[in-house]
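Subject: Structure handover

Hello,

My notes follow below it.

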Amino acid sequence: MSEPARRLLVVAGGTRATASTRHRLWNYRPYLEREGVRLDWIEYTGGRIESAAAALSARLRFLWDLGRHALAKDVVLVQKVLPPIPLVHRWRRAGARVVYDFDDALYERFEWGESEAEAAQRRKRFDAMLGAASHVLAGSPPLAEYARRLHPRVDVFYPSLDRARFDALPARGAGEGPVIGWVGNDQSQVYLRALAPVLAAAMERHPTMRLRICSSRLPDLPSLPADRVELVPWSEAGELEAVASFDLAVSPLASDAWSQARGGRVSVLLSLAAGVPVIAAPGGGLEELVAASGQSAPGLLFARTAQEWEARLGELLADGGERKRRGAAARALVDQSIWADVQWPRFRAAVLGS
């Protein structure tokens with residue numbers, strides 16, 4: 001007699017349009033279904049809602065869905081959201097394995113519009129969630145370091161990418177000049193705006209260089225020539241279209257604790273997977289990713305100061321051959337450790353426990 005299928009409840013922190021849900025959960029769904037796992041899926045849709053009434057309504061719907069799935073599960077995988085701790089204990093008492101996955105520094109104050117009191121309240125709930133889980137998945141080594149203070153079983157998982165989608169990308173065509181690319185959401189545009197003086201200087205030295213931005217809208221970049229800044233409206237297909245057209249990508253970041261600990265930085269991985277070299281500010285576990293690859297001339301380069309950004313940009317903008325070599329190394333880095341099929345065996349063991 002065959003064993004009964006395992007029952008897995010996924011409590012996702014957002015919809016598929018949310019990067020962390022897509023790359024930390026959704027990309028593994030086909031593998032779970034292939035294993036015969038019986039999936040129930042709950043999505044929290046209350047994030048970034050301006051209306052307090054709408055946010056409360058989303059929260060109540062979420063709690064109602066959680067209550068409907070309180071029992072009869074072998075595994076519960078919770079991503080980033082913080083369900084009521086008594087419910088987590090109830091899952092555990094019923095024999096469920098509860099795995100908690102997070103890729104933001106939920107123990108730090110969010111720099112934009114959050115008080116210390118709000119951050120402290122979330123940290124208390126977050127610490128309780130870590131302590132109540134059976135296993136913890138952290139999005140970067142800095143996040144894992146914090147989690148290990150409260151839990152003995154913590155694994156680092158970078159975002160996953162679907163290999164087939166990148167293998168189907170068209171070859172990069174020859175353009176009139178090099179295209180520097182950036183991918184990010186509205187909130188992350190603050191990082192790009194901080195890099196504007198460096199980009200303006202690079203455009204002055206390279207008259208055919210263009211900046212291509214994949215986001216919901218163009219950020220305010222008054223120091224850059226408007227006719228050389230382009231928008232690719234964000235969508236799942238749009239971000240792939242964008243990275244396939246980049247010659248070089250940039251990923252600036254702030255130095256605050258929330259930004260530095262964020263897990264994986266999907267926008268960087270997208271460009272690397274498309275064979276595009278990336279210049280990035282350190283953070284999010286990227287340094288550890290490059291170190292583990294053993295590459296002596298990696299496709300992911302780091303810049304901390306304005307002078308380092310200028311030097312890295314100058315080096316790659318001036319030499320198409322070097323961009324091509326670094327691009328091949330970028331793809332090799334993803335081949336080594338980022339594809340969903342590569343990460344799946346570890347994910348399976350961490351989530352299902354076997």
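Which residue with a positive phi follows H12? That residue is Gly 275, with phi near 75°. Please keep in mind that this is a predicted model.

**Helix H12**

H12 spans residues 266–273. The helix is mostly covered, with 7 of its 8 residues buried. The buried residues are Val 266, Val 268, Leu 269, Leu 270, Ser 271, Leu 272 and Ala 273.

**The sheet**

Six strands form an open sheet with parallel pairing. The order is S2-S1-S3-S4-S5-S6. The edges are S2 (38–43) and S6 (154–156). Each has a single partner strand, so one side of each lacks a neighbour in the sheet. From one strand to the next, the twist averages 15°.

Take the pair S1 and S2. S1 covers residues 7–12 and runs parallel to S2, joined by 6 bridges. Within this pair, Leu 9 stands opposite Asp 40 of S2.

Two helices to look at here are H4 and H16. H4 (residues 85–93) packs on the sheet and touches S1, S3 (75–79) and S4 (97–102). Its direction makes about 140° with that of S4. H16 (residues 340–352) lies across S1, S3, S4, S5 (135–138) and S6. The angle between H16 and S4 is about 130°.

**Leu 8**

Leu 8 sits in strand S1. Is this residue buried or exposed? Leu 8 has a relative accessible area of 0%, so it is buried. Leaving out residues up to four places away in sequence, its contacts include Leu 32, Val 37, Leu 39, Val 75, Leu 77 and Val 351. Arg 38 and Asp 40 are also among the residues Leu 8 touches.

**H4 against H5**

H4 also packs with H5 (residues 116–132). Their axes are 10 Å apart, at an angle of about 5°. Angles under 35 degrees count as roughly parallel, and H4 and H5 are therefore roughly parallel to each other. On the H4 side, the residues involved are Ile 85, Val 88, His 89 and Arg 92. They meet Arg 125, Ala 128, Met 129 and Ala 132 in H5.

**Nonpolar cores**

The largest nonpolar core has 71 residues. Which of them touch the most other members? They are Trp 91, Tyr 100 and Phe 102. H12 gives the largest share of this core, 6 residues.

Phe 102 has contacts beyond four places in sequence, including Arg 24, Phe 126, Leu 130, Val 136 and Leu 137. Phe 102 also touches Ala 138, Gly 139, Leu 143 and Ala 147.

**Asp 256**

Asp 256 lies in the loop between S10 (248–251) and H11 (257–261). Why does Asp 256 count as buried? Its relative accessibility is 16%, and buried means under 20%. The side chain of Asp 256 reaches the backbone nitrogen of Trp 258 at 3.2 Å.

Best wishes

Technical notes
Residues are numbered from 1 along each chain as its sequence is written. This is a predicted model: local features need pLDDT of at least 70, side-chain atom pairs count only at pLDDT 80 or more; totals for chains, interfaces and linings use all residues. Side-chain values use heavy atoms; hydrogens and water are left out. Buried means under 20% relative accessible area, exposed over 50%, partly exposed in between (1.4 Å probe, protein chains only). Helices (H or I, at least four residues) and strands (E, at least two) are DSSP runs, numbered from the N terminus. Two strands pair if DSSP finds at least two bridges between them. Axes are lines fitted to C-alpha atoms, for helices over the stretch in contact, and angles run from 0 to 180 degrees between N-to-C directions. Contact means heavy atoms within 4.5 Å. A polar contact is a pair of N or O atoms within 3.5 Å; within protein, one must be able to donate a hydrogen and the other to accept it, and residues adjacent in sequence count only if both atoms are side-chain atoms. A nonpolar core is a set of buried Ala, Val, Leu, Ile, Met, Phe, Trp, Tyr and Cys residues joined through side-chain atoms within 4.5 Å. Angles under 35 degrees count as roughly parallel, over 145 as roughly antiparallel, 65 to 115 as roughly perpendicular and the rest as oblique.
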